[in-house]
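Visitor: I'd like to talk through the aromatic rings here, and then move on to a helix. Could you put the model up?
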Amino acid sequence: MNSVLRPGLDEALADWRSRVRANREQAERVREAPERPDFYAPVAGAFKADPRRTGEPALDELRAMVRPGETWLDIGAGGGRYALPLALAGASVIALDPSAGMLQVLREAVNEYGVGNLRTVEARWPTANPPQADVALMAHVGYDIEEIGPFLDAMERSAARLCVAILLSSSPASAAAGFWPAVHGEARTALPALAEFLALQLARGKLCEVRLSERPALTYPSREATFTFLRQQLFIEPGGDAAARLESAAERFVVEVAPGRFGMTGTPSVVGVVSWDPRATFSSA
């Protein structure tokens, strides 16, 4: 018999699906403009980071997993926050992402930082004729994937040695959730995140190794870039009444957190690096 502590696979997949669907339907109801073909293009620049950076525990965990000469498939690679450091650590990296804007930022970073051993693929996962790799990575991807089961199944089929997922205790979009009542008059419907992913993995018969650390909030190159992110997550456009309500509600929370970097005040997030053998399963009965 299934229980809250031990959900069955169908139940876990259905719960994940219903949370993502409710989150999407809420966004569709309040959005002020049609969805852009490339949702992340307006904020893609914020996802570029120095691939030689230190002091990031989750990234240190990934670097330690690299076996030189192996191929890593980074699903949803974005601007290359992890793909570039992995290439520098000795992996041959396939960076896959559906966003042309994100991949352009990644290519710029490849040239800026002199990174080799990396190729890009513009595609949405799962994709036809998926690349094969030793390790498949999904970093801050999956929160809003309604059909997460087929997504993970395809990821495991593409990985020979290991699958790795990096997820926060609350989805990255939750950084804007506190402003929903002031802007839209209602609370934001939360997406599934790390805890739900671990419950799903157990229901899928996967035993995972989990390493936890803290991650500070993302920062942006200007105050306006921070508000661009917030407007994006609130599905509102500049210059309207909703944008004015956001400006009023968020003004004292958007600050310069470091020289030339802006963000929102708040506590760090818990981030989990979750790894598992793509071929191994156990019975959860």
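Guide: Before any counting, rings of Phe, Tyr and Trp (its six-membered ring) are taken as a pair if their centres lie within 6.5 Å. Please keep in mind that this is a predicted model.

Visitor: How many aromatic pairs does the structure hold?
Guide: There are four aromatic pairs. In one of them, the ring centres of tryptophan 16 and phenylalanine 197 are 6.5 Å apart with the planes at 65°, and since an angle over 60 degrees counts as edge-to-face, this pair is edge-to-face.

Visitor: Where do those two residues, tryptophan 16 and phenylalanine 197, lie?
Guide: Tryptophan 16 belongs to helix α1 (residues 9-30) and phenylalanine 197 to helix α7 (residues 194-203), so the pair ties together parts that are 181 residues apart in sequence.

Visitor: Is phenylalanine 197 buried or exposed?
Guide: Phenylalanine 197 has 0% relative accessibility and therefore counts as buried. Phenylalanine 197 also pairs with tryptophan 276, with ring centres 5.9 Å apart and planes at 55°, so that pair is tilted. This second pair links helix α7 to strand β9 (residues 269-276), where tryptophan 276 sits, 79 residues apart. Through ring pairs, Trp16, Phe197 and Trp276 form a cluster.

Visitor: Switching topic, how many residues of helix α5 are buried?
Guide: Helix α5 (residues 148-158) is mostly covered, with eight of its 11 residues buried; among them are Ile148, Phe151, Leu152 and Met155.

Visitor: And what do the buried residues of α5 pack against?
Guide: They pack against several elements, including α1, α7 and β9, and β1 (71-75), β4 (133-139) and β5 (159-168) are also among their partners.

Note on methods: Residues numbered from 1 in each chain as written. Predicted model: local features only at pLDDT ≥ 70, side-chain atom pairs only at ≥ 80, totals over all residues. Heavy atoms only, no water. Phe/Tyr/Trp six-rings, centres within 6.5 Å; stacked < 30°, edge-to-face > 60°. Helix = DSSP H or I, 4+ residues; strand = E, 2+ residues; numbered from the N terminus. Buried < 20%, exposed > 50% of the residue type's maximum accessible area, 1.4 Å probe, protein only. Contact = heavy atoms within 4.5 Å.
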